[in-house]
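Please examine the model shown here alongside the account that follows.

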Amino acid sequence: MQEFISAPLRKMTAQLDDNSNVSYQLPMGEQSLALNPLLGKKLTLVYSGHIACQNCGKKTKKSYSQGHCFPCMQKLAQCDMCIMKPETCHFHLGTCREPEWGEQNCFAPHYVYLANTSGLKVGITRHTQLPTRWIDQGATQALPIFKVQSRIQSGLVEVALAQFINDKTNWRAMLKGNNEPINLAAQASDLIEKIADKLAEISADLPAGSIERLDEPSLDINFPVLEYPTKVSSFNFDKTPTVEGTLLGIKGQYLIFDTGVINIRKFTSYFVQAQL
């Protein structure tokens with residue numbers, strides 16, 4: 001049996017090749033475990049009971065905001081509620097937790113996109129995070145429809161679209177298989193017509209060209225899955241320190257075993273040992 005030393009988990013990294021196939025790696029401290037070659041093989045993950053904040057490195061009994069201790073969760077801008085709900089950005093009020101971080105990350109170009117995850121959904125992401133964001137969400141199709149100049153602008157457009165389609169993924173449905181293909185371009189045209197008045201209202205207070213309508217082809221994404229579960233049961237390291245089984249697939253940030261699934265991103269900063 002090959003063993004890797006116990007090290008803190010990070011969200012899986014992934015790359016998309018020229019044929020739209022995803023390759024995954026599992027970062028564990030300074031190590032990185034290639035996952036695609038492990039499909040169909042036994043894999044064991046053992047949680048040591050130790051969690052260290054990914055920001056300050058201090059030991060914490062509980063992980064907040066995907067890998068932070070409670071004090072860091074309260075002080076870091078990246079852990080503020082406006083990251084989850086960008087339309088609530090309060091930078092203009094002078095209350096941003098880290099103004100410099102906000103300027104670098106929130107006042108950068110963002111995309112508003114449609115994706116096919118557990119069905120049609122709308123989402124947003126920074127311009128540097130495509131196609132990573134789509135892979136992380138388990139999207140089998142994706143299409144950027146707007147490019148805007150800040151996170152709050154993307155949030156306002158997303159809220160307008162979310163009146164008509166989902167802005168969240170049903171992770172259980174996403175893990176049960178691939179949905180039927182969707183004509184994302186046709187959906188985009190229909191939705192943009194529905195929010196035309198709201199777009200005009202949002203744009204009225206912005207410099208000209210702040211919201212750019214895109215005309216790009218949709219992207220298909222193929223995930224490395226041998227077999228999807230018919231019933232989805234999830235592992236939790238806090239309740240089950242040892243997760244083991246035959247690795248049947250990887251989709252989004254989930255490992256799919258014959259014994260259940262686990263969301264790796266949820267357990268960021270957990271010290272885990274991999275056994276092959």
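The model is predicted, so local features need pLDDT of at least 70 and side-chain atom pairs count only at pLDDT 80 or more, whereas totals for chains, interfaces and linings use all residues. Residues are numbered from 1 along each chain as its sequence is written, and side-chain values use heavy atoms, with hydrogens and water left out.

The side chain of Lys 11 forms a salt bridge with that of Asp 136, at 2.8 Å from N to O. A salt bridge here is a side-chain nitrogen of Lys or Arg within 4 Å of a carboxyl oxygen of Asp or Glu. Lys 11 belongs to the loop between strand 1 (7-8) and strand 2 (13-16), while Asp 136 belongs to helix 4 (residues 132-136), so that the pair links distant parts of the chain, 125 residues apart. Helices (H or I, at least four residues) and strands (E, at least two) are DSSP runs numbered from the N terminus.

Arg 265 is partly exposed, at 24% relative accessibility.

Arg 97 is in the loop between helix 2 (81-84) and helix 3 (99-105), and Asp 80 in the loop between helix 1 (70-75) and helix 2, so the pair connects parts that are 17 residues apart in sequence. Arg 97 is partly exposed at 32% relative accessible area, whereas Asp 80 is buried at 13%. In general, side chains of opposite charge can pair when their charged atoms come close.

Attention now turns to a hairpin. Strand 3 (residues 22-28) and strand 4 (residues 31-34) pair in the antiparallel sense over 4 bridges; two strands count as paired if DSSP finds at least two bridges between them. Leu 26 has Leu 33, in strand 4, as its bridge partner. The hairpin has 2 residues between its strands, and Gly 29 in the turn has a positive phi of about 65°.

Helix 5 (residues 151-161) is largely enclosed by the rest of the structure, because 8 of its 11 residues are buried. Among these buried residues are Arg 151, Gln 153, Glu 158 and Leu 161. The buried residues of helix 5 pack against helix 2, strand 6 (110-116), strand 7 (120-126), strand 8 (141-148), helix 7 (184-194) and helix 8 (196-203).

Val 148 lies in strand 8 and is buried, at 0% relative accessibility. Setting aside residues up to four places away in sequence, Val 148 touches Ala 108, Pro 109, His 110, Gln 153, Ser 154, Ser 210 and Ile 211, where contact means heavy atoms within 4.5 Å. The C-alpha atoms of Val 148 and Ser 210 are separated by 5.5 Å, although the two residues are 62 residues apart along the chain. His 110 is also in contact with Asn 105, which touches Arg 126 as well, leaving aside neighbours within four places in sequence. Asn 105 is found in helix 3 and is buried, with a relative accessible area of 17%.

What, finally, of the cysteines? The structure holds 0 disulfides, a disulfide being a pair of cysteine sulfur atoms within 2.5 Å. For Cys 72, the nearest cysteine sulfur is that of Cys 69, 3.6 Å away; Cys 72 is buried, at 2% relative accessible area. The sulfur of Cys 89 is too far for a bond, because the closest cysteine sulfur, in Cys 82, is 5.8 Å away. Cys 89 likewise counts as buried, at 17% relative accessibility.

Technical notes: Buried means under 20% relative accessible area, exposed over 50%, partly exposed in between (1.4 Å probe, protein chains only).
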